Amino acid sequence: MKKLFPSYVRVPLLFAIVLVALEYFIDSGDRPAFVKYPMVALFLAVFLFLLVAIEIVVSAVDKVTYHLLTEEQKKQLEEAQSLSFVDSQWYQHWMSKLTRSKAVEQEADVMLDHDYDGIRELDNVLPPWWVYLFYVTIIFAGFYLVRYHFFGGENQAQEFETEVALAEEEMLKFKGNSPKETISLDQVTALTDPASLSKGQEIYKNVCAACHGPQGGGLVGPNLADAHWLNGGGIKNVFKVIHDGSLRNPTMAAWGKTLDAKDVQKVASYVWSLQGTKPAGAKPAEGDVWKDDAAPTVDASKPVDSIPSSK
């Protein structure tokens, strides 16, 4: 029996189809399923072995069957196998069903009387597949009309709004199940470990650099690297402004609504670490010089290591 595809095409094709199906239906994350799950690899190996074995058995059966044929039967089989696919009886049968086209010998039956400089016109019927598809579109249009114009079906814009609302609802549920960690203002301290400052720098570049500059020298917003502050300096005041926003500057957003308190503390610590860095092209000072009243004071008129004299 003549086969449409040779074995060296069938085996890889079937194996590839099964492999793609397994990868599609098995959730294996960022790794292939046959790598993450050894049983999948074992199944594929057994499946490939069975494909090869079936091909060998079928080939052997075909050879044995061929030797059992008479000379006349062998000749008929060879003639059938010599036909191309498009010349096969099966192909011709289905093409006639799908197109209803007339053979060249029958064109006289559908020839019209029109003659355009020797060009004659045929009155072939429309292909059945095209006619049936046209009927399907008419039926679909009827259902569409009733569904969306008489029974209030959602159009694309309404479906989008519904999906957005569902996504926002799921996001709110997720936030409710994993609430942000809160830090009171009294608990805020300046973080100095490299990991926290690195995270604070990353957040600063994403949300602060557009207004205060990549190095903190100020653009639309004020300079963060000098000793002058509009809302008070110190880690607690910096944390409060980033978390709650600024009453003196409405454009300063309250990032506590979107950032975790720990992340606000990290970015505040990074901002506070910019003190005295003197970035190039920094804006002039704004606000007042801030002084930490809680810091210990030293009398500048006395040496630090002076010892009171005894009288």
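Is Glu286 buried, exposed or partly exposed? Glu286 counts as partly exposed, because its relative accessibility is 30%. This value, like the others in this report, comes from a predicted model.

## Salt bridges

The structure holds 3 salt bridges. One of them joins Glu286 to Lys283, with the closest N and O atoms 3.5 Å apart. Lys283 has a relative accessibility of 24% and so counts as partly exposed.

Another salt bridge is formed by the side chains of Arg10 and Glu55, at 2.6 Å from N to O. This pair links distant parts of the chain, with Arg10 in helix H1 (residues 7–25) and Glu55 in helix H3 (residues 38–68), 45 residues apart. Arg10 counts as buried, because its relative accessibility of 19% is under the 20% limit.

The side chains of Lys240 and Asp244 also meet in a salt bridge, at 3.4 Å from N to O. Both residues lie in helix H10 (residues 234–244), where they are 4 residues apart, about one turn of the helix. Lys240 is partly exposed, with a relative accessible area of 41%, and Asp244 counts as partly exposed at 44% relative accessibility.

## A buried aspartate without a salt bridge

Asp226 lies in the loop between helix H9 (209–212) and strand S3 (228–229). Asp226 is buried but has no salt bridge. The nearest side chain of opposite charge belongs to Lys283, 9.5 Å away; Lys283 itself forms a salt bridge with Glu286. The side chain of Asp226 does reach the backbone nitrogen of His228, at 3.2 Å.

## Negative surface patch

Glu154, Glu159, Glu161 and Glu163 gather on the surface in a patch of negative charge. Of these residues, Glu161 is placed in helix H7 (residues 156–177). Glu161 counts as exposed because its relative accessible area, 55%, is over the 50% limit.

## Nonpolar surface patch

A nonpolar patch on the surface is formed by Met95, Leu98, Leu126, Trp129, Trp130, Tyr132, Leu133, Phe134, Tyr135, Val136 and Ile138. Together these residues have about 1100 Å² of accessible area. Helix H5 (89–99) and helix H6 (128–149) are the elements that give two or more residues to the patch. H6 gives the most, with 8 residues.

Leu98, a member of this patch, is found in helix H5. Leu98 counts as partly exposed, because its relative accessibility is 40%.

How values were computed. Residues are numbered from 1 along each chain as its sequence is written. This is a predicted model: local features need pLDDT of at least 70, side-chain atom pairs count only at pLDDT 80 or more; totals for chains, interfaces and linings use all residues. Side-chain values use heavy atoms; hydrogens and water are left out. Patches are made of residues with over 30% relative accessible area and no salt bridge: like charges are joined within 9 Å, nonpolar side chains (Val, Leu, Ile, Met, Phe, Trp, Tyr) within 5 Å. Accessible areas come from the Shrake-Rupley method with a 1.4 Å probe; for residues, only the protein chains shown count as cover. A salt bridge is a side-chain nitrogen of Lys or Arg within 4 Å of a carboxyl oxygen of Asp or Glu. Lys and Arg count as positive and Asp and Glu as negative; His and the chain ends are not counted. The place of a charge is taken as NZ of Lys, CZ of Arg, CG of Asp or CD of Glu. Buried means under 20% relative accessible area, exposed over 50%, partly exposed in between (1.4 Å probe, protein chains only). A polar contact is a pair of N or O atoms within 3.5 Å; within protein, one must be able to donate a hydrogen and the other to accept it, and residues adjacent in sequence count only if both atoms are side-chain atoms.
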